Amino acid sequence: MPLLAVVFALGLSLGTAVAEERTVVGTIVRLDPAVGALVVRDAAGASWSYKVAADAGIDLSAFRPGDRVKVTIGRATPLNMITAADLLRKGDRVEVAPY
């Protein structure tokens with residue numbers, strides 16, 4: 001019975017684990033460089049919204065809708081975090097992704 005308690009406790013703690021880096025690869029379906037916003041649709045059809053912070057050093061003017069990109073959030077993020085749009089900050093990246 002003590003083993004069952006340990007397994008249960010371990011399962012609960014995994015729900016609050018932290019990922020070191022998150023990457024989404026997909027196609028830009030919406031882009032507004034003037035306000036620093038983009039939406040990327042991944043291969044599974046899920047849409048990911050991003051808002052670029054003014055001091056992030058990410059220039060969206062080089063991208064166009066239809067471009068395949070890799071968006072990487074380089075900081076620890078809770079696995080269960082759900083937001084309307086992830087904020088891209090200094091150290092995060094938006095790069096062209098190969099097909």
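Colleague: What does the pLDDT average for the protein?
Modeller: This is a predicted model, and its pLDDT (the predictor's confidence in each residue, from 0 to 100) averages 82, with 73% of the residues scoring at least 70. Over residues 3-17 the pLDDT is below 50, and that stretch has 3 contacts (heavy atoms within 4.5 Å) beyond near neighbours in sequence.

Colleague: Which cut-offs and numbering apply?
Modeller: Local features need pLDDT of at least 70 and side-chain atom pairs count only at pLDDT 80 or more, while totals for chains, interfaces and linings use all residues. Residues are numbered from 1 along each chain as its sequence is written, and side-chain values use heavy atoms, with hydrogens and water left out.

Colleague: Switching to the sheet, what is the strand order?
Modeller: The order is S7-S4-S3-S2-S5-S8 in an open sheet of 6 strands with mixed pairing, where strands are DSSP runs (E, at least two residues) numbered from the N terminus and two of them pair if DSSP finds at least two bridges between them. Strands S7 (86-88) and S8 (93-96) stand at the edges with a single partner strand each, so one side of each is left without a neighbour in the sheet.

Colleague: And how many bridges join S2 to S5?
Modeller: There are 6 between S2 (residues 22-32) and S5 (residues 68-73), which run antiparallel, and Val24 stands opposite Val71 in S5.

Colleague: Which residue in the S2 and S3 hairpin takes a positive phi?
Modeller: Gly36 does, near 75 degrees, in a hairpin with 4 residues between the strands.
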